[in-house]
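Biologist: I would like to learn how to read a model like this one. Please take me through it feature by feature.

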Amino acid sequence: MTTTTSNTSHTSNTSAASAAAPVTDRKESHRPRRRRRRGLSPGRPLPASRLIGPALLVALWAAASAAGQLDPGAIPAPWTVLGTAGRLWSAGTLPTDILTSLERAAYGFAIGLTAGVVLALASGLSRVGEALIDGTVQLNRAIPTLGLIPLFILWLGIGETFKIAIIAIVVYIPVYLNTHAALSGIDSRFVELAEVQGLSRFQFVRQIVIPGALPGFFVGLRLAVTGSWLGLVVLEQINATSGLGYMMFQAQNYGQSDVILVGLLVYGVFGLISDSAVRLVERRVLSWRRTLSS
C-alpha cells in the first residue's frame, strides 16, 4: 500500500514538472527578441561641426610651419599672418578696406537678390513670362560673368557702378535658377486643390507657391552669397583705391604674401559667417520640414 502511494505521488510530481516545463519554454519562446537595428540616418549634428574642418586646416598649417616644411616667404606661419592683421588693423587700413568691401557686396547682393526673385516668380507663374525671361537668363548664365567686365566698363565707366552691376549679375543667376526650378517642381495636384478650394491668386501664391519654392530659394541664396564674395575679390583689383581686393593687389606688387593671406582669410571668414547666417534663417523658416540635416 505504501509503495503504491509513493509511486502515485512520484507520477504526479513527474506529470506536474512535465506540465510546467512547456509553460516555461512557451514563455521563453514568446519573449520578444531585441534586434539591433542599424541606423541609416547621419545621426545627431555635432556641436560647431562647421568649424572642425577649418580648425583642422589651421592646425595642419601651424604644424607644418613650426616643423619648417613651408617656405615663410611663400606661405607665412599663422602667427605671422595674425600679427600682420593686427598691425593693419591698428593702422586703420584693414577696417577701411573691410567696410568698403562690405558696402559694395551689400549693394550688389540686394539688387541681384531682388532681381532674381522677381524674375523667377514672373517666369515660374506665367507661360508668357517664362517665354520672355527664361531663355534670356539661360543665355546670360552661359556667358562668363567676369567676361562682361570690359563691356560694362565701356557702358558704366570704371567707377563703383560697374562693380555693383557685376556683383548683382553674379547673385541673381543662382537665385533665379534655383527658385525657378523649385517653382516648376511644385506638384500640379496642389494647383488643382487650390482651384477646388477656390483660392485667389494671392492666396495661392502665399499658401502654396512660396512654401514650395522656399527650399530652392535658400539653395540659390547660399550660392549667391558665396558668388558675391568671389566676384568682389576680382572686381576690387580693377581701378580701385580701397577694399580687400585692392589691398591684396598692392601686396602682390610688393611681394607681401602675409598681407595677401590676411585678405584671403577675411574673405573666408565673411563667406563662412554669411553662409552660416543663411543656414540659420533657413532652419528657422523651414522648421516644418523633417530632413536628414535636421
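Biologist: What percentage of the residues in the protein is buried?

Modeller: Buried means under 20% relative accessible area, exposed over 50%, and partly exposed in between, with a 1.4 Å probe and protein chains only. Here 33% of the 294 residues are buried. Some ground rules: this is a predicted model, where local features need pLDDT of at least 70, side-chain atom pairs count only at pLDDT 80 or more, and totals for chains, interfaces and linings use all residues. Residues are numbered from 1 along each chain as its sequence is written, and side-chain values use heavy atoms, with hydrogens and water left out.

Biologist: How many helices and strands does the secondary structure come to?

Modeller: Helices (H or I, at least four residues) and strands (E, at least two) are DSSP runs, numbered from the N terminus. This protein has 11 helices and zero strands.

Biologist: What share of the contacts joins residues 24 or more positions apart?

Modeller: A contact means heavy atoms within 4.5 Å. Among contacts with a separation of 6 or more, 70% link residues 24 or more positions apart.

Biologist: Which residues of helix α10 are buried?

Modeller: Helix α10 spans residues 244–253, and Leu244, Gly245, Met247, Met248 and Ala251 are buried there. Seen down the helix axis, they fall within an arc of 160 degrees, so they line one face of α10. The arc is that of the directions from the helix axis to the C-beta atoms. Their cover includes α3 (78–91), α4 (93–124), α9 (201–235) and α11 (257–285). After α10 comes Gly255, with a positive phi near 70 degrees.

Biologist: Which residues touch the most other members of the largest nonpolar core?

Modeller: A nonpolar core is a set of buried Ala, Val, Leu, Ile, Met, Phe, Trp, Tyr and Cys residues joined through side-chain atoms within 4.5 Å. The largest one has 46 residues, and Ile166 and Val262 touch the most other members. Helix α7 gives the most to this core, with 11 residues. Leaving aside neighbours within four places in sequence, Val262 contacts Val81, Thr84, Ala85, Leu88, Leu94 and Met247. Another core, of nine residues, lies apart from the largest one; Ala182, Ala194, Val205 and Val209 are among its members.

Biologist: Which residues form a nonpolar patch on the surface?

Modeller: Patches are made of residues with over 30% relative accessible area and no salt bridge; nonpolar side chains (Val, Leu, Ile, Met, Phe, Trp, Tyr) are joined within 5 Å, like charges within 9 Å. Areas come from the Shrake-Rupley method with a 1.4 Å probe, and for residues only the protein chains shown count as cover. Leu151, Leu154, Trp155 and Leu156 form such a patch, with about 460 Å² of accessible area together. Leu154 sits in helix α6 (residues 149–156) and is exposed at 70% relative accessibility.

Biologist: How many salt bridges are there?

Modeller: A salt bridge is a side-chain nitrogen of Lys or Arg within 4 Å of a carboxyl oxygen of Asp or Glu. The count is six. Arg222 pairs with Asp275, with the closest N and O atoms 2.9 Å apart. This pair links distant parts of the chain, from helix α9 to helix α11, 53 residues apart. Arg222 is partly exposed at 26%, whereas Asp275 is buried at 14%. Asp275 also meets Arg279 in a salt bridge (3.2 Å, N to O). Arg279 and Asp275 are four residues apart in α11, so about one helical turn separates them.
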